[in-house]
Amino acid sequence: MTEDERTERERIAELRAPGRKWVFGQLQGWNCALCAARLYADRPICTVEVDYGSVTETYQLYVCAPSCETARAAWVTARAACETARAAQRPAPPDGDRPVVRAPRRRTGA
């Protein structure tokens with residue numbers, strides 16, 4: 001058994017632990033079942049049964065693809081690049097020239 005297979009089995013065991021608390025988005029497939037991050041690229045990992053008293057629901061869980069750490073690093077890099085591009089597009093304010101802030105007009109009551 002490879003290291004990745006063992007890690008995958010440990011993750012599934014962690015997800016199926018009794019009494020685990022779930023976020024609504026994790027059960028609906030919107031968020032990663034492991035790190036709760038928003039899913040943009042995902043892969044199914046397992047199914048779990050959630051007991052709601054007299055009703056038991058089965059949910060398919062999804063996780064980040066390829067992995068939570070890789071997906072998070074890619075998101076941080078993309079966000080930094082986007083912020084840099086936005087900063088480059090903003091015009092620089094002229095030196096010593098500040099915008100005029102006008103006070104709101106008062107109502108006359110007429």
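Reply: Valine 23 counts as partly exposed, at 46% relative accessibility. On this scale, buried is under 20% relative accessible area, exposed is over 50% and partly exposed lies in between, with a 1.4 Å probe and protein chains only. The model is predicted, so local features need pLDDT of at least 70 and side-chain atom pairs count only at pLDDT 80 or more, whereas totals for chains, interfaces and linings use all residues. Residues are numbered from 1 along each chain as its sequence is written, and side-chain values use heavy atoms, without hydrogens or water.

Valine 23 sits in the loop between α1 (3-15) and α2. Helices (H or I, at least four residues) and strands (E, at least two) are DSSP runs numbered from the N terminus. The C-alpha atom of valine 23 is 8.6 Å from that of alanine 33, 10 residues apart along the chain.

The whole structure contains one aromatic pair. Phenylalanine 24 and tryptophan 30 form it edge-to-face, 5.4 Å centre to centre with 70 degrees between the planes. Rings of Phe, Tyr and Trp (its six-membered ring) pair if their centres lie within 6.5 Å; planes under 30 degrees apart are stacked, over 60 edge-to-face and the rest tilted. Phenylalanine 24 is exposed at 53%, and tryptophan 30 is partly exposed at 45%.

Asparagine 31 is in the loop between α2 (24-28) and β1 (42-51). Its relative accessible area is 17%, so asparagine 31 is buried. The side chain of asparagine 31 reaches the backbone oxygen of alanine 36 at 3.1 Å. That is a polar contact (N or O atoms within 3.5 Å, within protein one able to donate a hydrogen and the other to accept it; residues adjacent in sequence count only if both atoms are side-chain atoms). Beyond four places in sequence, asparagine 31 touches residues including Gly25, Arg38 and Tyr62; contact means heavy atoms within 4.5 Å.

A disulfide needs two cysteine sulfur atoms within 2.5 Å, and the count comes to zero. Cysteine 64 is buried at 4% relative accessibility.

The β1 strand runs antiparallel to β2 (residues 56-64), joined by nine bridges; two strands pair if DSSP finds at least two bridges between them. Valine 50 stands opposite glutamate 57, and aspartate 51 is the bridge partner of threonine 56. Four residues lie between the strands of this hairpin, where glycine 53 takes a positive phi near 85 degrees.

Cys32 also belongs to the largest nonpolar core, of 14 residues, and is among those with the most contacts inside it, as are Leu15, Ile45, Cys46, Val48 and Leu61. β1 and β2 each supply at least two residues of this core. Such a core is a set of buried Ala, Val, Leu, Ile, Met, Phe, Trp, Tyr and Cys residues joined through side-chain atoms within 4.5 Å. Cysteine 46 is buried at 6%.
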